[in-house]
Every structure is written in C-alpha cells, then in structure tokens.
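Colleague: I would like to learn how to read a model feature by feature. Could you take me through one?

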Amino acid sequence: MNTEKSKVYVTSFRTTQTENLLQKLRRLAITAGMKTIDFTDKYAAIKIHFGEPGNLAFLRPNYAKVVADLIKELGGKPFLTDCNTLYVGGRKNALDHMDAAYVNGFSPFSTGCHVIIGDGLKGTDEAYVDLSDGEYVKQAKIGRAVMDADIFISLTHFKAHEGTGFGGAIKNIGMGCGSRAGKMEMHSSGKPSVTQEACVGCGMCRKNCAHGAITIEAKKASINHDKCVGCGRCIGACPKDAVHPGADHSGDVLNCKMAEYAAAVLRGRPHFHISLVMDVSPFCDCHAENDAPIVPDVGMFASFDPVALDQACADAVNAQPVLEGSYLDEKEHTHGDHFCDIHPSTNWKTQISHAEKMHLGTRKYELVHI
C-alpha cells in the first residue's frame, strides 16, 4: 500500500501591490512543478468549462491565459477544450459551444490560444480508449481532440454538484472529456423520478430534457424511463426539488464511471491540475444561471495528483463557514459535510476513492502553502 503523501500547493486570493492574482497563479503553477513537464513542440490540451450562457460562476478567461502563456513560454502548443453536453443548452454542438465560449470571453485574443471542441461538431468525434481494469467501463469514449493532445492540463472551477456531490478535477476530466455517447454511458445507471405531490407542473424539467422523456399531464410531470438517459439535468432544473435520483445507488456508480473515464484521459501522458476554489456555487456551471456562493472563496490549488487535489479542495470547503442567505444556509446541517448537507442523495467520496483505486493518485496529501 502506498503510504506517501502527494503534494498539493495552495495560495490564497490575497494580493499585494507587487503581485496580482494572475501573477500569483503563474507562481503557483511554477512552484507546483509545471515547468518540469517537457512541452517542447507538443500539443497541450487545457480542459476548462466555458460556462453555460447565463452562468457567471465559471472561471474568467484571464486565468486560462496565464496557463496558456506559460505553456507557450515552455515551447508548447496549447489549446482550450471541452466536449459537447448531453442536455439541452448552449453547448450541445460545436458551433453553439464555441459561440458560448466566445460570449463568455474565451477567444484567441483574450486567452492567447484557440478553442477546440473535443468531440467535434455533433459530439460524435470520439476516440475509444480501452480500460482493462475498469469495473464499470471497459472502453471509454473520449473526445478525439482531447486524446490527440500530447499533454493534458486541467483548469477547474471547484463547486458543489447536484449529481456527484462536488465538481472538481476528476469531474472536469472524466465527465468533461467524454463524448456525448460517453456522457450517456456515465449517466445511464439510474433514472430520476418525480414526487408527484411536490410537482407544480411548471415544465422546467421538460424544457431541460434533450430526449423527450418528460410529459406533463394534469399539471404533474412524469419521466418515461425508456427514453430517459439518466443525465440528471431535470434534477437541478426543478425549482421545487420534486425530481429525485433513483434509489439504486446510481450516484455512486456515476462517480465511479467518471473516475474511470478520468483514468482513460490521463494514462500514458504527462498531466497537471489546477483548481480554483472560488464562487463555490451549489450547482454545476452547466446551469444557465448560478446561485450565490455557499462558502467564502478559499484559494488556488495545484498538483500533479488529481485525487489529492480534489480531496484537499473538498476538505478546504468543508472547513469554511456557511455564507448567510446561501442555498446551503437554508438546508439542515446534519451530515457534518457541506456537500452532503446541500445534496443529501450524493456521496462525493466515492469518486475520490474509486479514482484512487484506479491508481490516479492518493487521498493522502501534504499542503504546501506559497
């Protein structure tokens, strides 16, 4: 058993008159060892979430430029990437996705590198990656441009998530790099249902369903599980919390599949990971809106180990006070864990423990403050 701790480097959002946040992020990446990677004449994918149009919690493109500029300085050829979404929204094909990226400020002029949608025009340009040791996935479907890169860098906005507990590096990599078919495979273990007594028939769930699985009769929604792919978009869209995941531990399976997809993306090439714990919203950046942060901003984290990085970020969030008036503030605090308090049906620890099982890293870490 590996008893060594992985180093996770961290710095606060405090600045000085001689060092702003962007300069501090650059220093963090260099101190954490990013310069030890040989970028010379190599393609480097920077995996980022461009933000659903209407959502303002995504990372500013200024942060992406710091990473891209450092890669170019080291002789590499960086590009920003993400794969198309499974659900209805502004990023379901490459044209809409690039429009969303540009609207949110991610362009070659603002970031110093191009945007390439990893799985192509319709989300079908995918590479098949064998996972002989996968418990749930034997062949992952990853966006081809992601797999064509020589080096992989994740730049993650760390936040809570209604389906996986939190969205950190593992989710950014595993779910984010899956093609549309890959996303369907990860989501397909469980199907949500509607608590009829709580449903008011507003239609938000139906509006957000890309597969025509939801009907409304007598002001009550119902989900046809034969059409449903289990993406869970309706869960976050419901204003009355009337839509709930299946009671078959599908959330745990989703987390495990996500970890296996992350393994498919990372194995066999250099990789490095940066997570910014700021604007910690209660839901995914895939929503067309973002709610108020649930805890104060924490800091910027970096590591070669995505497992240790996610564990460190989760621990840091759980150590923070709950912000008054936030979505989390309205919940019962009975779990001793902010993520479980805000989304009681989730268990974020399964994605980390399974990623460790897939040899992506270790949950044991040493924090190095800079």
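Colleague: In which helix is Leu 22 found?

Modeller: Leu 22 belongs to helix α1, which covers residues 21-31. Keep in mind that this is a predicted model.

Colleague: Is Leu 22 buried, partly exposed or exposed?

Modeller: Look at the relative accessibility. Buried means under 20%, and exposed means over 50%. Leu 22 has 30%, so Leu 22 counts as partly exposed.

Colleague: What does Leu 22 touch, once residues up to four places away in sequence are not counted?

Modeller: Leu 22 touches Asn 62, Tyr 63 and Val 66. Take Tyr 63. Leu 22 and Tyr 63 are 41 residues apart in sequence, yet their C-alpha atoms are 6.5 Å apart in space.

Colleague: Now charges. What is the general idea?

Modeller: Side chains of opposite charge can pair when their charged atoms come close. In this model the count comes to 16 salt bridges.

Colleague: Which residue forms a salt bridge with Arg 26?

Modeller: Glu 73 does, with the closest N and O atoms 3.0 Å apart. Arg 26 sits in helix α1 and Glu 73 in helix α2, residues 61-73. The two are 47 residues apart, and the pair links distant parts of the chain.

Colleague: Why do Arg 26 and Glu 73 count as partly exposed?

Modeller: Compare each value with the two cut-offs, 20% and 50%. Arg 26 counts as partly exposed because its relative accessibility is 30%. Glu 73 is partly exposed because its relative accessible area is 46%.

Colleague: How far apart are the closest N and O atoms of Asp 38 and Lys 42?

Modeller: They are 3.3 Å apart, and the two residues form a salt bridge. Asp 38 is partly exposed at 46% relative accessibility. Lys 42 is partly exposed too, with a relative accessible area of 26%.

Colleague: Are Lys 47 and Asp 82 buried or exposed?

Modeller: Lys 47 is buried, and so is Asp 82. Their side chains meet in a salt bridge, 3.0 Å from N to O. Lys 47 lies in strand β2 (residues 43-47) and Asp 82 in strand β3 (residues 77-82), so this pair ties together parts that are 35 residues apart in sequence.

Colleague: Which residues are linked with Lys 47 and Asp 82 in a network of salt bridges?

Modeller: Glu 52 and Arg 91.

Colleague: Let us turn to a histidine. Where does His 354 lie?

Modeller: His 354 lies in helix α13, residues 349-357. Its relative accessibility is 5%, so His 354 counts as buried.

Colleague: With which side chain does the side chain of His 354 make a polar contact?

Modeller: With that of Glu 260, at 2.7 Å. Then list the other neighbours. Leaving aside those within four places in sequence, His 354 is in contact with residues including Glu 135, Tyr 136, Cys 256 and Ala 259.

Colleague: Next, domains. How is the chain divided?

Modeller: Domain 1 takes 6-189 + 249-369, and domain 2 takes 190-247. Taken over C-alpha atoms, the domain centres are 27 Å apart. The contact draws 16 residues from domain 1 and 17 residues from domain 2.

Colleague: How much area do domain 1 and domain 2 bury between them?

Modeller: About 1,300 Å², with 53% of it on carbon and sulfur atoms.

Colleague: How many salt bridges are counted between domain 1 and domain 2?

Modeller: The count is one salt bridge. Asp 241 and Lys 331 also pair through their side chains in a salt bridge, at 3.8 Å from N to O. On the side of domain 1 that touches domain 2, seven residues are nonpolar, seven polar and two charged.

Colleague: One loop to finish. Where is Pro 239 found?

Modeller: Pro 239 is in the loop between α9 (233-237) and β13 (243-244). At 53% relative accessibility, Pro 239 counts as exposed. Not counting residues up to four places away in sequence, Pro 239 touches Cys 202 and Met 204. Pro 239 and Ala 302 are 63 residues apart along the chain, and 35 Å separate their C-alpha atoms.

Key. Residues numbered from 1 in each chain as written. Predicted model: local features only at pLDDT ≥ 70, side-chain atom pairs only at ≥ 80, totals over all residues. Heavy atoms only, no water. Domains from an automatic or database assignment. Contact = heavy atoms within 4.5 Å. Buried area = accessible area lost by both parts, 1.4 Å probe. Salt bridge = Lys/Arg side-chain N within 4 Å of Asp/Glu carboxyl O. Nonpolar A, V, L, I, M, F, W, Y, C, P; charged D, E, K, R; others polar. Helix = DSSP H or I, 4+ residues; strand = E, 2+ residues; numbered from the N terminus. Buried < 20%, exposed > 50% of the residue type's maximum accessible area, 1.4 Å probe, protein only. Polar contact = N/O pair within 3.5 Å; in protein donor to acceptor, adjacent residues only side chain to side chain.
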